[in-house]
Amino acid sequence: MKEIFKTENLRFLNMLSYKDIAIPRTGMTFIKGPSGAGKSSLLKLLNASASPSSGSIYYEGKELESFDTVELRKEVILIGQSVYLFDESIEENFRLYYSYRDLPAPDEETMLSYLRLCEADFGLLKSCVSLSGGERQRVYIAIYLSFLPKVLLLDEPTSALDLKTARMLLKNLKEFAAEKEMTMIVVSHDDALAEEFSDHLVSITREEA
Ligand SMILES: Nc1ncnc2c1ncn2[C@@H]1O[C@H](COP(=O)(O)OP(=O)(O)OP(=O)(O)O)[C@@H](O)[C@H]1O
């Protein structure tokens, strides 16, 4: 297995201990485990939004801490459970997120293609204020996906979705990741979805330090 991430003796907040984990470069990896086991914390550790209290994380064979954090977070994007959208249209949200990265916004067709991929084609002029929680979540994923990161970390991306939409979203994301050779790591409570869509499964159990 050619892994993109590897952990060794990883601990967080002197409280959570992780068994050593290896995550392959290709395909979709699901992370499952009981509430409080440390799944969200692991995603934060993987994109350096949080630091281990001890142990090591290797990304592309190099210690994560040797990377420039700002650059790393552009390459390894974490979409957490909270959605941050401006009270503007979907199109304006794309534009604002791109402008914060000093990048030109994609053209309308490109925006729409990412929205379709995320089952979020509500029209570019639709105000994000009037979207439901699950709709906002999908628009948010579409914007970040369009940055084409090397690794996308998704924390409970289907938590607010009905089963049919959840399955469509994961199917599309999985195909897209394969086509673009993007590594996708998904935290999910849903064992059936994990079973159906994972190429690789990491189970985390709460290990008291
Ligand atoms: N910044 C923090 N300060 C203190 N405790 C924290 C912090 N972040 C996480 N924890 C604790 O670490 C444990 C793991 O939290 P985490 O959110 O990673 O679990 P999880 O497996 O994602 O849970 P859930 O499935 O409920 O989302 C929890 O007991 C949580 O209270």
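Okay, a definition to start: a helix crossing is left-handed if the near helix is turned anticlockwise from the far one by less than a right angle, and right-handed if clockwise. Hold on to that for a few minutes.

What you see here is a predicted model, where local features need pLDDT of at least 70, side-chain atom pairs count only at pLDDT 80 or more, and totals for chains, interfaces and linings use all residues. Residues are numbered from 1 along each chain as its sequence is written. pLDDT is the predictor's confidence in each residue, from 0 to 100. For this protein the mean is 94, and 98% of the residues reach 70 or more. The complex gets an ipTM of 0.94 and a pTM of 0.94 from the predictor.

Now the helices. Take α4 (residues 108-117) and α5 (residues 133-145): their axes come within 8 Å and cross at roughly 125°. Axes here are lines fitted to C-alpha atoms, for helices over the stretch in contact, and angles run from 0 to 180 degrees between N-to-C directions. So α4 is oblique to α5; under 35 degrees would be roughly parallel, over 145 roughly antiparallel, 65 to 115 roughly perpendicular, and the rest is oblique. And back to my opening: the crossing of α4 and α5 is right-handed.

On to strands. Strands of a sheet pair through backbone hydrogen bonds, either parallel or antiparallel. I call two strands paired if DSSP finds at least two bridges between them.

Which strands make up the open sheet, and in what order? There are five, running β7-β8-β9-β4-β10, with parallel pairing. β7 (76-79) and β10 (200-203) are at the edges with a single partner strand each, so one side of each has no neighbour in the sheet. From one strand to the next, the twist averages 15°. Inside it, β8 (residues 151-155) and β9 (residues 183-187) are joined by five bridges, with Leu154 opposite Val186.

How values were computed:
Helices (H or I, at least four residues) and strands (E, at least two) are DSSP runs, numbered from the N terminus.
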